[in-house]
Amino acid sequence: LPLRVKKKIRADVGDYLIEQILLAASDAKSIVAGESFPKLSKSYRQYKESEGLGGKPNLTFEGDLLDALKRRYGDDEDAIKIGWFGSQAAKADGHANLSGDSPIPTRRTIPGEGQSFKPSIRKEIERIIADAIKDEEA
């Protein structure tokens, strides 16, 4: 495929993945397996509710964490990296325990090593790619 088509696919897939991650997080669900995030501790849930934010473990308090979710391109011209970069990476790990090093439960917002997005997400990625190829061939 021409480079311009590959760039369009990466942009479209990246935007789609960010959209789906944000939607899943707002529902307090994993984008990997679709299961609900572990509940908040009682004390944090009460604190969050007292601030008018509800008691869902949706990674939302100040709003900057989910706003910082970005897509980047990997070294391979087909690669897309989705995640938190720079100063927000540690914050994301601290709130979602993506590394497994935090005492809070893991809230799988992005696939970990050896994991993938749930089947419906993968199917839509395949459709985005197929449509871009079809458009190029037309």
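A residue is called buried when its relative accessible area is under 20%, exposed when that area is over 50%, and partly exposed in between. At 28% relative accessibility, Phe61 therefore counts as partly exposed. The model discussed here is a predicted one.

**Aromatic rings**

Phe61 belongs to a cluster with Tyr44 and Tyr47, held together by ring pairs. The count of aromatic pairs comes to 3. One of them joins Tyr44 and Tyr47; this pair is tilted, with 6.3 Å centre to centre and 45° between the planes. Both tyrosines lie in helix 2 (residues 42–50), 3 residues apart, which is about one turn of the helix. Tyr44 has 31% relative accessibility and so counts as partly exposed. Tyr47, at 42%, is also partly exposed.

The rings of Tyr44 and Phe61 have their centres 6.4 Å apart and their planes at 35°, so this pair too is tilted. It links distant parts of the chain: Tyr44 is in helix 2, while Phe61 is in the loop between helix 2 and helix 3, 17 residues away.

| Pair | Distance between ring centres | Angle between planes |
|---|---|---|
| Tyr44 and Tyr47 | 6.3 Å | 45° |
| Tyr44 and Phe61 | 6.4 Å | 35° |

Another ring, that of Tyr73, has Arg10 lying over its face, at 3.8 Å from the ring centre.

**Helices**

Helix 1 covers residues 3–26, which makes 24 residues. From its first C-alpha to its last, helix 1 reaches 34 Å, close to the 34 Å expected at 1.5 Å a residue. Just after helix 1, Ala28 takes a positive phi of about 60°.

Helix 4 (residues 87–96) has Gln88, Ala92 and Ala96 among its residues, and these three are buried. Seen down the axis of helix 4, its buried residues fall within an arc of 50°, so they line one face. Ser87 and Ala90, on the other side of helix 4, are exposed. Part of what covers the buried residues of helix 4 is helix 3 (64–67). Asn97 follows helix 4 and has a positive phi, near 55°.

Helix 5 has 19 residues and a reach of 27 Å from its first C-alpha to its last, close to the 27 Å expected at 1.5 Å a residue. Ile121, Ile125, Ile128 and Ala132 are buried in helix 5. They cover an arc of only 55° around the axis, which puts them on the same side of helix 5. The face turned away from that buried side carries the exposed residues Pro119, Lys123, Glu126, Lys134 and Glu137. Helix 1 is included in what covers the buried residues of helix 5.

**The nonpolar core**

In soluble globular proteins, nonpolar side chains tend to be buried together. In this model, the largest nonpolar core has 29 residues. Those with the most contacts inside this core are Leu17, Ile21, Ile31, Trp84 and Ile121. Helix 1, helix 3, helix 4 and helix 5 (119–137) each supply at least two residues of the core. Helix 1 gives the most, with 9 residues.

Leaving aside neighbours within four places in sequence, Trp84 is in contact with Leu65, Leu66, Ala68, Leu69, Ala89, Ala92, Leu98, Thr109 and Ile110.

Note on methods. Residues are numbered from 1 along each chain as its sequence is written. This is a predicted model: local features need pLDDT of at least 70, side-chain atom pairs count only at pLDDT 80 or more; totals for chains, interfaces and linings use all residues. Side-chain values use heavy atoms; hydrogens and water are left out. Helices (H or I, at least four residues) and strands (E, at least two) are DSSP runs, numbered from the N terminus. The expected span of a helix is 1.5 Å times one less than its number of residues. Buried means under 20% relative accessible area, exposed over 50%, partly exposed in between (1.4 Å probe, protein chains only). The arc is that of the directions from the helix axis to the C-beta atoms. Contact means heavy atoms within 4.5 Å. Rings of Phe, Tyr and Trp (its six-membered ring) pair if their centres lie within 6.5 Å; planes under 30 degrees apart count as stacked, over 60 as edge-to-face and the rest as tilted. A charge sits over a ring if NZ of Lys or CZ of Arg is within 6 Å of the ring centre and within 35 degrees of the ring normal. A nonpolar core is a set of buried Ala, Val, Leu, Ile, Met, Phe, Trp, Tyr and Cys residues joined through side-chain atoms within 4.5 Å.
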